[in-house]
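The entries follow in the order I looked things up.

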Amino acid sequence: MTARSVLDSPGAVFRATHRYARIAPRKAQPVMDVVRGMSAADALDVLRTDTHRAAAMIYKVLASAVANALQNPDVRPNRLIVARAVVQNGPLLQGRIRFRPASMGRAMPFRRRTCHLCIHVTDPALVASGDSTDTGEES
């Protein structure tokens with residue numbers, strides 16, 4: 001079963017997002033690439049010991065997605081896998097704008113980037129049984 005068919009089946013995908021995370025997307029992307037496709041338990045262990053700053057944020061999102069999945073009594077925590085893990089660009093932070101020197105005497109503002117972290121977990125056994133209850137919650 002491909003990841004796309006898992007995501008298309010209703011009721012089998014449980015998700016969690018962290019919007020406006022104060023970290024640049026290019027710094028969070030390598031950590032997200034590590035956990036994509038892993039089992040949820042293994043991914044939580046990897047993120048717990050990872051030293052990147054993004055790992056703590058992604059750990060919380062993944063733990064929330066697992067908690068959302070466990071609201072369904074048919075889901076077993078040891079069968080959950082990370083079906084989709086994406087980092088999307090967020091808006092630039094506003095506030096007090098600081099400047100850095102640029103060429104020819106100009107000044108360029110700092111671009112403080114944010115991102116949206118989104119993780120979908122699924123139970124493949126639940127997808128195979130064809131359960132169609134819609135319990136995918138967002139936190």
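Before the single residues, I set down the scale for accessibility: buried means under 20% relative accessible area, exposed means over 50%, and partly exposed lies in between. I also note that the model is predicted.

**Entry 1: M104**

I applied that scale to M104. Its relative accessibility is 76%, and the cut-off for exposed is over 50%, so M104 counts as exposed. I located M104 in the loop between strand 3 (99-101) and strand 4 (107-109). I then read its backbone: phi of M104 is near 60°, a positive value in a residue that is not glycine. For context, most residues other than glycine have a negative phi.

**Entry 2: Y20**

I looked up Y20 for its backbone as well. Y20 is not a glycine, yet its phi is positive, about 60°. Y20 belongs to strand 1, which covers residues 13-21. Is Y20 exposed, partly exposed or buried? At 46% relative accessibility, Y20 counts as partly exposed, because the value falls between 20% and 50%.

**Entry 3: the chain as a whole**

I went back to the overall layout. The protein chain has 5 helices and 5 strands. Along the sequence their order is α-β-α-α-α-β-β-β-β-α. Of its 139 residues, 37% count as buried. The chain exposes about 8300 Å², and carbon and sulfur atoms supply 53% of that area. I also checked the sequence range of the contacts: among those with a separation of 6 or more, 77% are between residues 24 or more positions apart.

**Entry 4: helix 2 against helix 4**

I took helix 2 (residues 25-35) and helix 4 (residues 53-69) as a pair. Their axes come within 9 Å and cross at roughly 60°. That angle makes helix 2 oblique to helix 4. The crossing of helix 2 and helix 4 is right-handed. Which residues meet here? From helix 2 I listed K27, A28, V31 and M32, and these meet A54, A55 and I58 of helix 4.

**Entry 5: helix 3 against helix 4**

The axes of helix 3 and helix 4 come within 9 Å and cross at roughly 155°. Helix 3 is therefore roughly antiparallel to helix 4. I recorded the crossing of helix 3 and helix 4 as left-handed. On the helix 3 side the residues are A40, A43, L44, L47 and R48, and on the helix 4 side they are A55, I58, Y59, L62, A63 and V66. I noted A55 and I58 in helix 4 as residues that meet helix 2 and that also meet helix 3.

I then moved to the loop between helix 4 and strand 2 (81-89), where P77 sits. P77 has 44% relative accessibility, so it counts as partly exposed. I looked up the distance from P77 to A41: the two are 36 residues apart along the chain, and their C-alpha atoms are separated by 7.8 Å.

R79 is also placed in the loop between helix 4 and strand 2. With a relative accessible area of 31%, R79 is partly exposed.

**Entry 6: A128**

I located A128 in helix 5, which covers residues 124-129. A128 counts as exposed because its relative accessibility is 63%. I also looked up A128 and A12, which are 116 residues apart in sequence and 9.4 Å apart in space, C-alpha to C-alpha.

**Entry 7: cysteines**

A disulfide is a covalent bond between the sulfur atoms of two cysteines. How many disulfides does a search of the whole structure find? The search finds 0. C115 has 0% relative accessibility, so C115 counts as buried. C118 has 10%, which is under the 20% cut-off, so C118 counts as buried.

Notes:
Residues numbered from 1 in each chain as written. Predicted model: local features only at pLDDT ≥ 70, side-chain atom pairs only at ≥ 80, totals over all residues. Heavy atoms only, no water. Helix = DSSP H or I, 4+ residues; strand = E, 2+ residues; numbered from the N terminus. Buried < 20%, exposed > 50% of the residue type's maximum accessible area, 1.4 Å probe, protein only. Contact = heavy atoms within 4.5 Å. Areas by Shrake-Rupley, 256 points an atom, 1.4 Å probe, with all protein chains shown as cover. Disulfide = S-S within 2.5 Å. Axes fitted to C-alpha atoms, helices over the stretch in contact; angles between N-to-C directions. Parallel < 35°, antiparallel > 145°, perpendicular 65-115°, else oblique. Left-handed = near helix turned anticlockwise from the far one by under 90°.
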